[in-house]
Amino acid sequence: MNGKNCGKAKRSHGTNHSRGILILIKDQLDFRLQSLKVESQGQYVLLEALIQDSPFALLNIYASNKCAE
């Protein structure tokens, strides 16, 4: 990443050992955030935005690879 600002991050933190996700938005993208929902335990980030004047819903989820979770 060369120390340059590569974009804006919308994130949900988990713990030091698990969970935690983000959605990275490139600075040069015509992006207008409409709404943002972040789950406090690092399970998901849901955002609604206008991207180049088209509506989008972006969702990033944490899905455990352990059956018990």
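The dialogue below takes up this predicted model, moving from the overall chain to one strand and its turns.

Q: How many helices and strands does the chain have?
A: The chain has zero helices and five strands. In sequence order the pattern reads β-β-β-β-β.

Q: What share of the residues in the chain is buried?
A: Of the 69 residues, 16% are buried. The chain exposes about 5400 Å², and 49% of that area comes from carbon and sulfur atoms.

Q: How should I read contacts between residues that are apart in sequence?
A: Take the contacts between residues at least 6 apart in sequence, then ask what part joins residues at least 24 apart; here that part is 26%.

Q: Which side chains of E4 point to one face and which to the other?
A: In a regular strand, side chains alternate between the two faces of the sheet. In E4, Val45, Leu47, Ala49 and Ile51 point to one face and are buried. The cut-off behind the word "buried" is under 20% relative accessible area.

Q: How many bridges join E3 to E4, and in which sense do the strands run?
A: For a pairing, look at the number of bridges and the direction of the strands. E3, residues 31-38, is joined to E4 by seven bridges, and the two run antiparallel.

Q: How many bridges pair E4 with E5?
A: Eight bridges pair E4 with E5, again in the antiparallel sense. Here Glu48 stands opposite Ala57 in E5. E4 therefore pairs with E3 and also with E5, given that strands pair if DSSP finds at least two bridges between them.

Q: How many residues lie between the strands of each hairpin?
A: The hairpin of E3 and E4 has five residues between the strands, and Gly42 in its turn has a positive phi of about 80°. The hairpin of E4 and E5 has two residues between the strands.

Q: Are Gln52 and Asp53 buried or exposed?
A: Gln52 is exposed, with a relative accessible area of 57%. Asp53 also counts as exposed, at 57% relative accessibility.

Terms used:
Residues are numbered from 1 along each chain as its sequence is written. This is a predicted model: local features need pLDDT of at least 70, side-chain atom pairs count only at pLDDT 80 or more; totals for chains, interfaces and linings use all residues. Side-chain values use heavy atoms; hydrogens and water are left out. Buried means under 20% relative accessible area, exposed over 50%, partly exposed in between (1.4 Å probe, protein chains only). Helices (H or I, at least four residues) and strands (E, at least two) are DSSP runs, numbered from the N terminus. Contact means heavy atoms within 4.5 Å. Accessible areas come from the Shrake-Rupley method with a 1.4 Å probe; for residues, only the protein chains shown count as cover.
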